[in-house]
Amino acid sequence: KLAKATGASPGKQKPQALKIMAIPYASPCQPRESEKYEKQAFDLQRAAKDFYAAGETADELARIYLECGDTNAAEKWYKTGHDTGLKKPDITAAETALWDFRLEHALARIAARRGQRAEAEKHVAAAKAILDKNYDWYKQQAQYFPYLTGYVAFYLGDYKTALADLQKGNQRDPFILSLIAQTYAKLGDKTQSLEYFRKVLESNAHNPTNAFARPLARKMVGTPAAGQ
């Protein structure tokens, strides 16, 4: 049904339908299958000169690659998202800073996944410097900074810092809840780990965030998949 929808969806609806089709391939870590649909959506948005939306689509694909462990493809698509977003006509200084913040955020996470502590810390500092300029989007984006520092700490093996920072992040984000659950497991607290995995299962959104968090939670808690 979704495949038929992509052919029938007019205008801006078609890229969204394509992106929806990409999500099921995130959970089993088949990012190249996700890319088949995300790339079509990206191309349509770019052709329509909707550079902001195209940049976000590229970032979404980059995140799928990152969480599946392909840091090279993730870096490529995050940079593509950044450069595409900047093509918006009459882009403001604040909008440029937002794309720069998103890229530094991504590069820090990529470096952490590669075990590159100094590189990760450099990009975390750059992201913080952009936030400190207090652009009009500051309050909306500031919530992503403790997620960033917690993510970096987790993948660099500093689990106490990871836990403290992640608990300052959005506690309705299943991906953050999943990271907290994994952090508790690393710290040897199985009870709290399972509690947070159960919180993950309260969300059933169809997006990359849930695509990575929910299957792991089901596995850890022992809850069957929907329909089983």
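**Entry 1: Thr183**

I take buried to mean under 20% relative accessible area. The model I am reading is a predicted one. I looked up Thr183 and found 0% relative accessibility, so Thr183 counts as buried. I placed Thr183 in helix α11, which covers residues 174-186.

I then asked which backbone oxygen the side chain of Thr183 reaches. I found the backbone oxygen of Leu179, at 2.7 Å. For contacts I left aside the neighbours within four places in sequence, and noted Phe154, Tyr159, Ala162, Leu163 and Leu166 around Thr183.

**Entry 2: Phe175, also in α11**

I stayed in helix α11 and went to Phe175. Is Phe175 buried or exposed? I read a relative accessibility of 6% for Phe175, and because the limit for buried is 20%, Phe175 counts as buried.

**Entry 3: the whole chain**

I stepped back to the overall layout. I counted 13 helices and zero strands in the protein. Read from the N terminus, the order of elements is α-α-α-α-α-α-α-α-α-α-α-α-α.

I asked how the radius of gyration of the protein stands against that of a compact globule. For 228 residues the globule value would be near 17 Å, and I have 18 Å for the protein, which agrees. The C-alpha trace spans about 50 × 50 × 30 Å along the principal axes.

I noted that buried residues make up 47% of the 228 residues. I also looked at contacts between residues at least 6 apart in sequence, and 53% of these join residues at least 24 apart.

**Entry 4: surface and charge**

I have an accessible surface of about 11600 Å² for the protein. Carbon and sulfur atoms account for 50% of that surface.

How many positive and negative side chains does the protein have? I have 34 positive and 26 negative. The centres of the two sets lie 5 Å apart.

**Entry 5: Ala17**

I went to helix α2, residues 13-22, and picked out Ala17. Ala17 has 8% relative accessibility and therefore counts as buried. I checked Ala17 against Arg113, which is 96 residues away along the chain. Their C-alpha atoms are separated by 30 Å.

**Entry 6: the loop between α2 and α3**

I followed the chain into the loop between α2 and α3, where I found Pro28 and Cys29. Helix α3 covers residues 31-47.

I read a relative accessible area of 48% for Pro28, which makes Pro28 partly exposed. I then looked at Pro28 together with Pro215. The two are 187 residues apart in sequence, yet 8.9 Å apart in space, C-alpha to C-alpha.

Cys29 is partly exposed as well, with a relative accessible area of 36%. I noted its phi, which is positive at about 55° although Cys29 is not a glycine.

**Entry 7: Lys49**

I moved on to the loop between α3 and α4 and looked at Lys49. What is the phi of Lys49? I read a value near 60°, positive in a residue other than glycine. I have 62% relative accessibility for Lys49, and since exposed means over 50%, Lys49 counts as exposed.

**Entry 8: Glu56**

I ended in helix α4, where Glu56 is placed. Helix α4 covers residues 51-67. Glu56 has a relative accessible area of 33% and so is partly exposed.

Which residues is Glu56 in contact with, leaving aside its neighbours within four places in sequence? I found Trp99 and Arg102. I also checked Glu56 against Gly81, which is 25 residues away in sequence. I have 6.3 Å in space between Glu56 and Gly81, C-alpha to C-alpha.

Terms used. Residues are numbered from 1 along each chain as its sequence is written. This is a predicted model: local features need pLDDT of at least 70, side-chain atom pairs count only at pLDDT 80 or more; totals for chains, interfaces and linings use all residues. Side-chain values use heavy atoms; hydrogens and water are left out. Helices (H or I, at least four residues) and strands (E, at least two) are DSSP runs, numbered from the N terminus. The radius of gyration is taken over C-alpha atoms; the globule rule is 2.2 Å times the number of residues to the power 0.38. Buried means under 20% relative accessible area, exposed over 50%, partly exposed in between (1.4 Å probe, protein chains only). Contact means heavy atoms within 4.5 Å. Accessible areas come from the Shrake-Rupley method with a 1.4 Å probe; for residues, only the protein chains shown count as cover. Lys and Arg count as positive and Asp and Glu as negative; His and the chain ends are not counted. The place of a charge is taken as NZ of Lys, CZ of Arg, CG of Asp or CD of Glu. A polar contact is a pair of N or O atoms within 3.5 Å; within protein, one must be able to donate a hydrogen and the other to accept it, and residues adjacent in sequence count only if both atoms are side-chain atoms.
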